[in-house]
Amino acid sequence: MFSDKLISRLKDAKLVAVFTGAGISAESGVPTFRGEDGLWKKFRPEELANFDAFIRNPDLVWEWYRYRKKIIADIKPNPGHYALAEMEKRHEHFAIITQNIDNLHRRAGSKTVYELHGNIERNYCIDCRKSYSNKEIIAQEKAPRCTCGGLIRPDVVWFGEFLPQDQWDAGEAAAERAEVFFSVGTSAVVYPAASLPMIAKRAGAYVVEINLERTELSHQADEVLLGKSGEILPKLINACYQNK
Ligand code: BJW
Ligand code: ZN
């Protein structure tokens, strides 16, 4: 299933970076964004995940986030997340660069995690920036409001918004330094995140994609492993580190 080249490169690598998307959390029960299964009430993510949509219809956008917050609070990391937490222990420098906002990598024990698109467990007021935990607002059926009257939004990155600079800088640096770079469970269509695999490749990394199906990235990857990340990653850990 894995090439000798991948096994030997990974065994010897001091610097490994893993870029993840919604697919790695799918086996935990978190819906993905794209494709038939990913759509919520027939909305495309671009229609809900933007500031204008929130101002136009805060209750609708809040309903979507409230639905996802509840799912995420109830589920657990899957073998794919745990395999990456295990991989981190085997390399001197290891980073997960995730587009996911579900916190599952940290919950699985991963230490170095850069979150490019924020975190759904945090919220803040769009007027005074006061922070709110999910616990404080989750009971509300309509878009919650701050004590100052402002709307409270999830601390995630919507279309047209800048990524958190520190997370991007750290993720980009990890991609540039990586000897082996994995892209796992992402359709690789949302930029600038989707540029990371190519940044890694141009800087000399061996780029490996793990996905259920081929994506925009596949033709540029050095190796494409088709299947579930929750099955492939544990097998890779076994194949690579059993004698190390
Ligand atoms: C499995 C599996 C299993 C399933 N095992 N695999 C340059 C070029 C072109 C466009 C742009 C560009 N720069 C900016 C843009 C515009 C825009 C963009 O990229 N648009 C494209 C859609 C065209 N980007 C932005 O606006 C970004 N900001 C920005 O660039 O700022 C600068 C700027 C400022 C002002 C003006 C202009 C520019 C911000 C992007 C923010 C994205 N936000 C979201 C929502 C986050 C909050 C939330 O979760 O609600 O992030 S959208 C959504 O998509 C979410 C995800 O992180 C992101 C990526 O999705 P992902 O993870 O790839 O999921 P899916 O569903 O697409 O794919 C899942 C994959 O898993 C599939 O391939 C399955 O096959 C696979 N899979 N089960 C393995 N078990
Ligand atoms: Zn406020």
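Strand β2, residues 93–98, is mostly covered, with five of its six residues buried. Buried here stands for under 20% relative accessible area, counting protein chains only. The model is a predicted one, and the values below are computed from it.

With β1, which spans residues 15–20, β2 pairs in the parallel sense over six bridges. In general, strands of a sheet pair through backbone hydrogen bonds, in either a parallel or an antiparallel arrangement.

The antiparallel arrangement is found in another group of strands. Here three strands form an open sheet in the order β5-β4-β6, with antiparallel pairing. β5 (131–133) and β6 (152–156) stand at the edges and have a single partner strand each, so one side of each is left without a neighbour in the sheet. From one strand to the next, the twist averages 45°. Between β4, residues 118–125, and β6 the antiparallel pairing covers five bridges. Within it, N123 has P154 of β6 as its bridge partner. A helix also packs on this sheet: α5, residues 58–74, touches β4 and β6, and its direction makes about 135° with that of β4.

The remaining topic is the ligand. Ligand 1 is surrounded by 36 residues, of which the closest are Y65, R68, T186, S187 and N211. Which atom of Y65 lies 2.6 Å from an oxygen atom of ligand 1? It is a polar side-chain atom of Y65. The backbone is involved at other positions. At F33, a backbone N or O atom lies 2.8 Å from an oxygen atom of ligand 1. At G185, a polar backbone atom is 3.2 Å from an oxygen atom of the ligand. As for cover, ligand 1 on its own has 1500 Å² of accessible area, and the protein covers 78% of that.

Note on methods. Residues numbered from 1 in each chain as written. Chains lettered and ligands numbered in written order. Predicted model: local features only at pLDDT ≥ 70, side-chain atom pairs only at ≥ 80, totals over all residues. Heavy atoms only, no water. Pairing = 2+ DSSP bridges. Helix = DSSP H or I, 4+ residues; strand = E, 2+ residues; numbered from the N terminus. Axes fitted to C-alpha atoms, helices over the stretch in contact; angles between N-to-C directions. Contact = heavy atoms within 4.5 Å. Near = heavy atom within 4 Å. Polar contact = N/O pair within 3.5 Å; in protein donor to acceptor, adjacent residues only side chain to side chain. Areas by Shrake-Rupley, 256 points an atom, 1.4 Å probe, with all protein chains shown as cover. Buried < 20%, exposed > 50% of the residue type's maximum accessible area, 1.4 Å probe, protein only.
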